[in-house]
Amino acid sequence: TISVSAFLLNRSSDLFAVLLFVGRIAVRKIVRFVGYHRRDKTGNVIAYYRYMCDYARLASDDFSKAGNHRQQLEYFCKGADPAETEDLAAYMEGISYGGEVSGDEYVQRMGELRVLFRSFRRQVPFMKRIYIFRML
């Protein structure tokens, strides 16, 4: 009976450690998700872009060399039309320094950012994506 209770006690501490690990990841994901789903549309765009940049920094050391929005966006959309990249970079510059976002423009720009981010994520190796998932 002593060995059975010791076994169960050991199992419960393992279970607690797993639940703690999963709980920490879940809390980070929820906080991050809520960060770009608020009423402030400008803040949402900035928060989502910050998430994209954080992800890219973990995915590649080269991303840290990008010093401004244009260089960062060029990193995300290699081979894209330079005019579109410049337009999105100018938009990000504007809202980063106090510009307001209208409703229609918000939907369009968030859609553009999501498409960029999805295509970028697909290029990241699977094991690296798992590591990044745990970190962000």
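This is a predicted model: local features need pLDDT of at least 70, side-chain atom pairs count only at pLDDT 80 or more; totals for chains, interfaces and linings use all residues.

**Reading helices and buried residues**

Tutor: Let's start with a pair of helices. Y49, M52, C53, A56 and R57 in α2 meet H69, Q72, L73 and F76 in α3. The residues of this contact between α2 and α3 divide into six nonpolar, two polar and one charged.

Student: At roughly what angle do the axes of α2 and α3 cross?

Tutor: Roughly 65°, and the axes come within 11 Å. The crossing of α2 past α3 is left-handed.

Student: Is T85 buried or exposed?

Tutor: The cut-off for buried is under 20% relative accessible area. T85 has 6% relative accessibility, so T85 counts as buried. You'll find T85 in helix α4 (residues 82-96). Leaving out residues up to four places away in sequence, T85 touches R70, L73, E74, C77 and A80.

Student: And why does L116 count as buried?

Tutor: Because its relative accessibility is 13%. L116 sits in helix α5 (residues 103-123).

Student: Which residues is L116 in contact with, leaving aside neighbours within four places in sequence?

Tutor: M52, L73, F76, C77 and L88. Take L73: L116 and L73 are 43 residues apart in sequence, yet their C-alpha atoms are 8.6 Å apart in space.

Note on methods
Residues are numbered from 1 along each chain as its sequence is written. Side-chain values use heavy atoms; hydrogens and water are left out. Helices (H or I, at least four residues) and strands (E, at least two) are DSSP runs, numbered from the N terminus. Buried means under 20% relative accessible area, exposed over 50%, partly exposed in between (1.4 Å probe, protein chains only). Contact means heavy atoms within 4.5 Å. Axes are lines fitted to C-alpha atoms, for helices over the stretch in contact, and angles run from 0 to 180 degrees between N-to-C directions. A crossing is left-handed if the near helix is turned anticlockwise from the far one by less than a right angle, and right-handed if clockwise. Ala, Val, Leu, Ile, Met, Phe, Trp, Tyr, Cys and Pro count as nonpolar, Asp, Glu, Lys and Arg as charged, and the others, Gly among them, as polar.
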